[in-house]
Amino acid sequence: MKGLIVNSFSLPGGTWTLGDMTVTRVGYGAMQLAGPGVMGPPADRDAALAVLREAVDLGITHVDTAHAYGPGVTNALIREALHPYPGSLHVVTKVGATRDEHGGWPPAREPDQLRRAVDENLESLGLDTLDLVHLRLGNAGGPQAGSLARAFETLVELQRQGVIRHLGVSNATAEQVAEAQSIAPIVSVQNMYNLAHRHDDALIDRLAAENVAYVPFFPLGGFSPLQSEALSAVAARLNATPISVALAWLLQRSPNILLIPGTSSVSHLRENVAGAGPSLSDEDVAELEKIGGRA
Ligand SMILES: NC(=O)c1ccc[n+]([C@@H]2O[C@H](COP(=O)([O-])OP(=O)(O)OC[C@H]3O[C@@H](n4cnc5c(N)ncnc54)[C@H](OP(=O)(O)O)[C@@H]3O)[C@@H](O)[C@H]2O)c1
């Protein structure tokens, strides 16, 4: 359904500037377009292509991906659906993990692995320059302490060479974010955060003061959907779905939060874009704070 929302400025939350790139705060996370376990092709390839085209038709200008999704599958779908990319669209990617034969995500942060991953993303997306590359740290269990300098400096060098426009970090501790910023400017941090996982509250506030975006992954709980009585109660009061309230809460939580909810369904995509809109009252927010143990 073309034209449901006619331009980026009418999307909930408006826009944010990543360095010199304007993106809609409501974006789209493409990870789950690959097959089960984010490996191999999707069951319904045409449906996956339709989701990507609908995202752009709805006015979304921020699509999050990685060559590791599939691997190569999600990026190939994005290229097929959307290339040549509209000038307003920013395809954001990440490097720092690869895939093994069991579908695991082993780290791949040696300089030659990072250079190869950047090349793979350029090739699979059909681009000469990647708009924003996150250095993905830690492992599937979450962030891990330790210096990122060697890996991050490799990406800084690629940025100097012109193949990366802007840098970010992902799955990072607050100390690693600060270490990256001591080496080169970053425009974005992509970490796990949602109503039930609030470890990064202080980091979000610090980044907001510095005009750095915070992009929560698993905004809907990822592979374990968010469920809570408080969420259902607020949703019922607003005559909305719990997913809509979870997204609206993120948009309201801080102006630097950008949404990249994932879905492999056009109808869920439409629901999520429209659903991020409701304005939450102080009472709603106070009730939702109980989920993260803040009240
Ligand atoms: N940096 C990192 O390390 C990292 C890690 C994980 C993810 N990410 C990024 O973050 C993005 C978001 O994460 P995610 O997609 O894994 O998790 P998510 O956005 O929290 O949740 C996605 C799940 O919610 C379901 N869903 C979405 N909208 C729905 C709706 N309206 N009604 C019912 N179910 C709905 C989807 O199923 P359906 O397909 O059926 O809609 C999917 O199973 C990813 O796409 C990826 O780009 C980054």
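User: Two strands pair if DSSP finds at least two bridges between them. With that in mind, which residue is the bridge partner of Ser170 in β8?

Analyst: Gln190 is the partner of Ser170. This is a predicted model, where local features need pLDDT of at least 70, side-chain atom pairs count only at pLDDT 80 or more, and totals for chains, interfaces and linings use all residues. Residues are numbered from 1 along each chain as its sequence is written.

User: Thanks! How many bridges join β7 to β8?

Analyst: Three bridges join β7 to strand β8 (residues 188-192), and the two run parallel. Strands (E, at least two residues) and helices (H or I, at least four) are DSSP runs, numbered from the N terminus.

User: And what about β6 and β7, how many bridges there?

Analyst: Six bridges join β6 (residues 130-136) to β7, again in parallel. Leu130 has Ile164 of β7 as its bridge partner.

User: Why is β7 largely enclosed?

Analyst: Six of the seven residues of β7 (residues 164-170) are buried (20 or more other C-beta atoms within 10 Å of their own, C-beta atoms being placed from the backbone), so the rest of the structure largely encloses the strand.

User: New topic: which residues come nearest to the ligand?

Analyst: Gly29, Met31, Leu220, Gly262 and Thr263 do, out of 27 residues around the ligand. A residue counts as near if its C-beta atom, placed from the backbone, lies within 6 Å.

User: Which helix gives the most to that shell?

Analyst: Helix α9 (residues 266-275) does, with three residues.

Terms used:
Buried ≥ 20, exposed ≤ 12 C-beta atoms within 10 Å, placed from the backbone.
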